[in-house]
Amino acid sequence: MVAATAPSDSGVQSLAETAASEGVPFFEYWSMGKWLLPSSIGPEFVQYQIPETFHAGAIPAQILFEEMGGEGNYVMILGPEGHIGSYRNQGARQAQEDYPDIDLLDAIYSGGWTRRHGREVMSSFVSNYGDDIDGVYANNGTLGLGAASVLSENDMAIPFTGFDGASPNIEHLQNNGPDSGEPYQLQEQAAPPFWQGGWFVAKAWDWLHGWRPRIPERMMWVRTTTVLNPGLDQSSFSDIETRFATPEEYLSVAYSDGHSPYDWKAASIEESGDDWDPQHELVPIRQSEWEQLQWTEDNRPSGLTIPDDYDNEQLFDEVEEDYRSRNENGMNPYL
C-alpha cells in the first residue's frame, strides 16, 4: 500500500501508474494532475483527498478581514505556482468580494512552503508597502511564521493567517495574541494528517480484502478545523461556516502523544462491516467543483472520456449522505 503527496501536480500520474503496474493500492493527498481521474489509472488508484480549495481558503481570509475591522490593506503569500494548495487564494479573493473596503496590495508566489520562502516574500512586501500593510494572508502556516519573523523585526504587530495544522503554528497562536505587541496568528486552518494516515491504512486494508470504492469515493474533500487564537472572541466569527477548536483540543487529537483518538478498526469495512465509521467529514468532489482543482476547458485533454457515474447526482447524493450520517455517530473526536 502506498500513500503520497507529490511535490507537484504533474508528478502524481507517474506515482499512480507505478503503483498500479504492481497491483498496489495508491492514495494521493493534496497534489493532483490536471484532469487525472483515478478511474483512468485503474482500480489501484483508490482515493484522492484535499481540503475544499475555495471554501477552506476563504475561511482564514474572512477571519482576517473581520479582525481588520472590515477595512485596510493586506498582502498574500502564495505557495509554489502550479500546486493546488496555492489555489486557496481564489477562496480568499471570493471572500474579499463581501468586504468592499478591503484592498489587496500584492500577491506573490513563494516558490516553496518553508519559513525561508515566507521571509523572502514578506521582506519584499515590507520594502514596497511598509506600514500600509494591515494584514497578511499566508497560504500555509510555515510561510506565515517566516513572514512573522520579518514583521517582528520591523515592529509591525499585525495579524496573519495559517493553514495545515503544524504544531509550531499552534504554539505561536497560543503565545501571541492581539495585545502581545507582536505579529499574531489569527487561526490555523487544520487539515487532519494524523487521521489521514490511519484512514489510508484502514481503507487500503479494505481494498486488499476486496472492497472497491464507488466513483464518488475516489475523489473527496476532507473538511478542515479552525484552530482559533485564544485571544480572539469566537462569537465574532459565528457567521463563518467552519468547525472551531481550541489549541488544546486540536493538539490532543492531532498530536496525541502515543495514543490514538481514533478507532482505526471502526474505519474499516473489513473489520467492522456495515457499522464502519469514517470519524471525520468527507464529501465527494462533484464534477461541478472540478474548477477548484484548476481543471478547466482550456486545459482539458482532447479525447478525454469521463465515466457516466460522474453525472449521476443521485449516486453522489447517496454517498455524501452515507458518509455524513456515519460521521455523526459520535466517534469523531472533534464532535
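Biologist: Where is P213?
Modeller: P213 lies in the loop between α8 (193-208) and β10 (219-222). Keep in mind that this is a predicted model.

Biologist: Is P213 buried or exposed?
Modeller: P213 is buried, because its relative accessible area is 12%, and buried here means under 20%.

Biologist: What does P213 touch?
Modeller: V46, W207 and R218, leaving aside residues up to four places away in sequence.

Biologist: And how are P213 and D311 placed?
Modeller: They are 98 residues apart along the chain. Their C-alpha atoms are separated by 17 Å.

Biologist: Another loop, then. Where does E52 sit?
Modeller: E52 is in the loop between β3 and α3 (53-67).

Biologist: Buried or exposed, that E52?
Modeller: Buried, with a relative accessible area of 13%. The cut-off for buried is under 20%.

Biologist: Which residues does E52 touch?
Modeller: Not counting residues up to four places away in sequence, E52 touches G57, W221, V222, R223, E289 and Q292.

Biologist: Let's switch to sheets. What is the strand order in the open sheet of five?
Modeller: The order is β1-β2-β3-β10-β13, and the pairing is mixed. β1 (2-4) and β13 (282-284) are at the edges. Each has a single partner strand, so one side of each has no neighbour in the sheet.

Biologist: How are neighbouring strands turned there?
Modeller: By 25 degrees against each other on average, direction ignored.

Biologist: In what sense do β2 and β3 pair?
Modeller: Strand β2 (residues 26-29) pairs with strand β3 (residues 45-50) in the parallel sense, over four bridges. Y29 stands opposite Q49 in β3.

Biologist: Which strands does α1 touch?
Modeller: Helix α1 (residues 12-21) packs on this sheet and touches β1, β2 and β3. The direction of α1 makes about 165 degrees with that of β2.

Biologist: And the open sheet of three strands, what's its order?
Modeller: β9-β11-β12, with mixed pairing. The edge strands are β9 (187-190) and β12 (243-245), and each pairs on one side only. From one strand to the next, the twist averages 30 degrees.

Biologist: How many bridges join β11 and β12?
Modeller: Three, with strand β11 (residues 225-228) and β12 paired in the parallel sense. T226 has F244 as its bridge partner in β12.

Biologist: Where does α7 come in?
Modeller: α7 packs on this sheet, touching β9 and β11. Its direction makes about 150 degrees with that of β9.

Biologist: What about β4, how many of its residues are buried?
Modeller: Seven of the seven residues in strand β4 (residues 72-78) are buried.

Biologist: Which ones point which way?
Modeller: G72, Y74, M76 and L78 point one way from β4. N73, V75 and I77 point the other way. In a regular strand the side chains alternate between the two faces of the sheet.

Biologist: How does β4 pair with β5?
Modeller: β4 and strand β5 (residues 102-109) pair in the parallel sense over seven bridges. The bridge partner of G72 in β5 is I102.

Biologist: Helices now. How do α5 and α6 cross?
Modeller: At roughly 45 degrees, and the axes of helix α5 (residues 115-129) and α6 come within 7 Å. α5 and α6 are therefore oblique to each other. The crossing is right-handed.

Biologist: Which residues make that contact?
Modeller: From α5, R115, H117, G118, R119, M122, S123 and V126. From α6, T142, L143, L145, G146, A147, S149, V150, L151 and E153. By class, the contact of α5 with α6 has seven nonpolar, six polar and three charged residues.

Biologist: Last pair, α6 and α7. At what angle do the axes cross?
Modeller: Helix α6 (residues 141-153) and helix α7 (residues 167-175) have axes that cross at roughly 50 degrees and come within 9 Å. So α6 and α7 are oblique to each other. This crossing is left-handed.

Biologist: And which residues meet there?
Modeller: G141, T142, L145 and A148 in α6 meet P168, N169 and H172 in α7. The contact residues divide into three nonpolar, four polar and no charged.

Terms used
Residues are numbered from 1 along each chain as its sequence is written. This is a predicted model: local features need pLDDT of at least 70, side-chain atom pairs count only at pLDDT 80 or more; totals for chains, interfaces and linings use all residues. Side-chain values use heavy atoms; hydrogens and water are left out. Two strands pair if DSSP finds at least two bridges between them. Helices (H or I, at least four residues) and strands (E, at least two) are DSSP runs, numbered from the N terminus. Axes are lines fitted to C-alpha atoms, for helices over the stretch in contact, and angles run from 0 to 180 degrees between N-to-C directions. Contact means heavy atoms within 4.5 Å. Angles under 35 degrees count as roughly parallel, over 145 as roughly antiparallel, 65 to 115 as roughly perpendicular and the rest as oblique. A crossing is left-handed if the near helix is turned anticlockwise from the far one by less than a right angle, and right-handed if clockwise. Ala, Val, Leu, Ile, Met, Phe, Trp, Tyr, Cys and Pro count as nonpolar, Asp, Glu, Lys and Arg as charged, and the others, Gly among them, as polar. Buried means under 20% relative accessible area, exposed over 50%, partly exposed in between (1.4 Å probe, protein chains only).
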